[in-house]
Amino acid sequence: MSVKKGVSRISGNPSPTIGEKTLYKIEEWYPGTPKAEQNPALVTWELFKKRSNGSFTTTNIKKIGDGNFTFGEVSAKNTYRLEAYLHEPEGKGSTIIDITPQPAGIPKIDKVELHYADDSKGTVFSYDDKLVAKAQCVNLTGKKLLFTLWEDDATGDGHNNANLFVDSKEVLVDKTGMATAEFALTKALMQKAAGGEKDPKKLEFYVTVEYYKDRKHATNNVEVQNPEYKEPAQQPKSDTKIPASDSGQTVTPAKTNNEQPASKKEEKGVGDTSQKPEAVKETKGTVEPEQKPTAQKPEGKTTSVVEEPKTEGLLDAFFAKEEFTKETDEADGQHKYTFAKDNNNINKDNIANIIKGKVNPAVKKDKKFAKFDDIKNALTQTSYKKGESITFPLYKLGPVMTPINSAPLEEEVFVVAKTMLLDGKEVSINIKEKEELLLAKDADLPVLEAKENGAELTTLKATAQNGLAKIKIKLRPKSDETLKEWREKLSGKKDGTHTYKFGGTNKTGTAEEKKRIAGVIANKIKDELAKQEKFTKTDAIVKALTKEVYNKDEEVTFDVFKKVTEFLWLKAECTGNIKKHEGEFLKKEGSYFEIAKKCPRCEAPITAEEFKQMYPDVAQLFDKGTNSFGSPTIETFLTSLNKTLKEFKINTCVKKAFFLTQITKETGYFSRADENLYYTTETALHSFWSKESHPRLYSNPSEFFKNPEKLGNYVYRNIAENGDEASGDGYKYRGRGLIQITRKKGYRRFGEYAGKDLVADPDLLLSDLDLTTRSAGWYWKHGVLLNDGSEKDLNTVADKGDFKEVTRLVHGSTNDVAARETILTKIKEVLKTDECQATSIGDADVEYHIQSTGEIQYKFKNEKRESAAYFYHDSAGNIHDLGKYKLVKVKENYGGVYKDKLGKDTENIYLIDVRNVKHTYKKDSVGFTMTINTVRYYMNDVTMAALFGALLECNYDDFVFNGFSNEKGESVGGSKSHKNGMNGDLRYLRTDKKG
């Protein structure tokens, strides 16, 4: 006799409410069911329907691992049977539930009221007011109501058939039974003006509210008064009767006791009037132009609009990027989750949330996600041991078109038209210029199809599907030459010339001399041109320097430019079933799409020349340690590196500089790709591992000398899925890669990403140069896990310029951040990060001009004081741009001589994080080099100007910054005078400049 296996009993509501999701659960399994099969994620839930002959036949609705069911209106008066099974349905017993769905309570719109923006009830409105309509409902929670604002084109209380649609919004009814929609009355006024009517004295409005087509509700008319209006001569009106029959008699239908009065919408015969409303309430009010608009309460709620009105048309057009964030119910495989440690007497809600937080970031790249309920249902045990697993379904993440308001040239974007009732129709879209810049005002801008060998298009065409017509493009013309012309035009528009008079003799015979003099001139006239909202380009000055020598009082004339911004808007059209629809979109101030300026170096690959400039002493790569790819050439390595930068979106100059710095230090200037655990001294051991976590390194360090395997097994024991010291996991899963992937958990996670079984064979990570390099990019974007299980993308930290935090997250500490900052300084110099438009903080709010005589001058450009720029004027008249830096505003702590030196702010001081300023500068005979040896990084902005002057005047290359104040301007670290970042220490200098 065979042993029964599978589900033996289920539970759930046999009388679910129509429209409400109902969960059915597995309560018991047959005793013969193996433990591994007692998994709800493997169970099939099948729905059967009772036929007229009493039998049940399948509805073909089958769900694996999901016991949630929602019965629709069509299920009313029917009986269903739900069964759960592992292998085959039994059709009887406690594995089934017979279900009779019950209708919900009768839906009713109780009343509609008009309110001001501050939530008080409205009677008299301003044109600038929000008209807030509120519908109180019964048995409609979670349903959508259609609010429509109509204009009644007659004055007073009378009505006619000239009603005009103004606006419509579909809104969800909340848990309290309330639905709220907001309308701008200015839209109705603009509509009247568009119709040729000027200064109307009064506008009447009413709002209809519908629940599908047979639930309508209306307010009384609301009048809009305009006191500047002069009454025109009245025209006589005829009193028209509506004949009810050929006899010409007028008929007034009698109302039954159950009938409600017609809504205003129905009285006018506007829209869908095929169904009678079940409830009608009216409220009155007027709109007075003189009345000030009502301010909205800060805590006031805004309306949640979920759809546009259901009328055929073009609703919107915009530029967008595609993001896969929409959670769908479409199943997409199963996920097996393995517990990394013992979990006893679990709280299923907490554990399910933790698992979800770990799984969803990992599967997001595959456009999938897991649901909390499924994970919780899969947790069938009260405890799980390390290595045990559960399985639950995954679902597809659907695409969402997210509007964007700017993108740089050559970026791939979508152009999208949002439609209503136009599915299957072709939509044509033209991209238009706001002003004449690239082509001409309102000209159609040609762009490139975002596909291989894409054509150049001026009219984009796409078929509407599910309310969207979209086409992917590249923001560029097909011709590279034309693209170059566009870039030149976007860099600035020629706007006259400027004549400069020389103050002395200047040699300009060589290209280098011309470039240097052009830079000096550009800096000297920068402020003068800025007052005219103009600027010049060094190349333009170089072009004008045609002589080999310019003497005092000689002049040179060159082009100047004004900044330009390329704004675009969209024109769309589509021929529907009713008429041809046309629309202009984004065509108003604040809405235009901008072609952003982008640093051309941000996404440029690292070149061999740049690599050699950054690492002049690196001749051979990965010639130490153990790997299977040998010692590649610089060119071969850069091929792998540049692919990694692109894959993991390390795509700005600063991100690249931060990433390169970390892999430089982690690999010992690219000398080895595996962790060196060969130690011979206590000092070296203690510099990496603490006494608290690794006491034997302090009590008996010699046992680990010259024994990498023993050391690895000890320091990496019992952590991140590693076993104990005897397991050998510590050494087996030691660091490998350009950012050391360490411990079993790290190998497992990267292996899952790369499709390699690195747990079984961790040396695979060193078998291929591409894989070794990719592991660093993966760690940078996905490898760091926060306490909640989510991933920390180091790109986001780099975007904030927080190098210290990047170091902590890569290295585990900041004990060598100063050494890494030295590497960073050189890399930033080569990559020209200070000139990068992607990280520019814009024109400084205050400028400091530091004279070689010791005098410091300052200029306020505006009152914000969020950034400062520093310029040094040497004795030869050259100007040195030392950079622009963000200022940190903090409360003044000490008073007296420690108050703001500029006298502008008596309550605050302004600090600069010295880690962000230039640490090396060299131009002609002027320069300095400074290293950081402190955690007191913050210096006053005025003191920073004095320090720059001293550094450049001394012209030393071995300054050591020993600290000023902390981030609050406080004197810390044993010093009493380091107040408000105005006083601090540098290491004493040798007069022979040798250290």
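Predicted model: local features only at pLDDT ≥ 70, side-chain atom pairs only at ≥ 80, totals over all residues.
Let me start with asparagine 453, which counts as exposed because its relative accessibility is 71%, where exposed means over 50% relative accessible area, buried means under 20%, and partly exposed is in between, with a 1.4 Å probe and protein chains only. Asparagine 453 sits in the loop between β26 (447–449) and β27 (456–457), and its phi is near 55 degrees, a positive value in a residue other than glycine. Most residues other than glycine have a negative phi.

Residues are numbered from 1 along each chain as its sequence is written, and side-chain values use heavy atoms, with hydrogens and water left out.

Glutamate 410 also has a positive phi, of about 75 degrees, although glutamate 410 is not a glycine. Its place is the loop between β23 (406–408) and β24 (412–420), and with 36% relative accessibility glutamate 410 counts as partly exposed.

Now to the protein as a whole, which has 21 helices and 49 strands; these are DSSP runs numbered from the N terminus, H or I with at least four residues for helices and E with at least two for strands. Of its 995 residues, 45% count as buried. If we take the contacts, meaning heavy atoms within 4.5 Å, that have a separation of 6 or more, then 66% of them are accounted for by residues 24 or more positions apart.

Let us turn to helix α11, and ask how α11 and α17 pack. Helix α11 (residues 653–666) and helix α17 (residues 769–783) pack at an angle of about 120 degrees, with their axes 12 Å apart; the axes are lines fitted to C-alpha atoms, for helices over the stretch in contact, and the angles run from 0 to 180 degrees between N-to-C directions. The two helices are therefore oblique to each other, given that angles under 35 degrees count as roughly parallel, over 145 as roughly antiparallel, 65 to 115 as roughly perpendicular and the rest as oblique. The crossing of α11 with α17 is right-handed, a term used if the near helix is turned clockwise from the far one by less than a right angle, with left-handed used if anticlockwise. On the α11 side, Lys655, Phe658, Phe659, Gln662 and Ile663 meet Ala776, Gly777 and Trp780 of α17. By class, this contact has 5 nonpolar, 2 polar and 1 charged residues, where Ala, Val, Leu, Ile, Met, Phe, Trp, Tyr, Cys and Pro count as nonpolar, Asp, Glu, Lys and Arg as charged, and the others, Gly among them, as polar.

Helix α11 also packs with helix α20 (residues 817–831), at an angle of about 135 degrees and with the axes 9 Å apart. That makes α11 oblique to α20, and α11 passes α20 in a right-handed crossing. Among the residues that meet here are Phe658, Leu660 and Thr661 in α11, and Ile823, Leu824 and Ile827 in α20. The residues of this contact divide into 9 nonpolar, 3 polar and 5 charged.

Glu666, in helix α11, is one of the residues in contact with glutamine 740, leaving aside neighbours within four places in sequence. Glutamine 740 lies in the loop between α15 (729–732) and α16 (743–754), and counts as buried because its relative accessibility is 16%. What does the side chain of glutamine 740 reach at 3.1 Å? That is the backbone nitrogen of glutamate 675, and the side chain also reaches the backbone oxygen of glycine 737 at 2.7 Å.

Tyrosine 870 is 24 residues from valine 846 in sequence, and their C-alpha atoms are 8.9 Å apart in space. Leucine 902, in the loop between β43 (888–891) and β44 (908–913), counts as buried at 10%. Leucine 902 and tyrosine 858 are 44 residues apart in sequence, yet 8.7 Å apart from C-alpha to C-alpha. Tyr848 is among the residues in contact with tyrosine 870, and leucine 902 touches Tyr848 as well.

Technical notes:
Polar contact = N/O pair within 3.5 Å; in protein donor to acceptor, adjacent residues only side chain to side chain.
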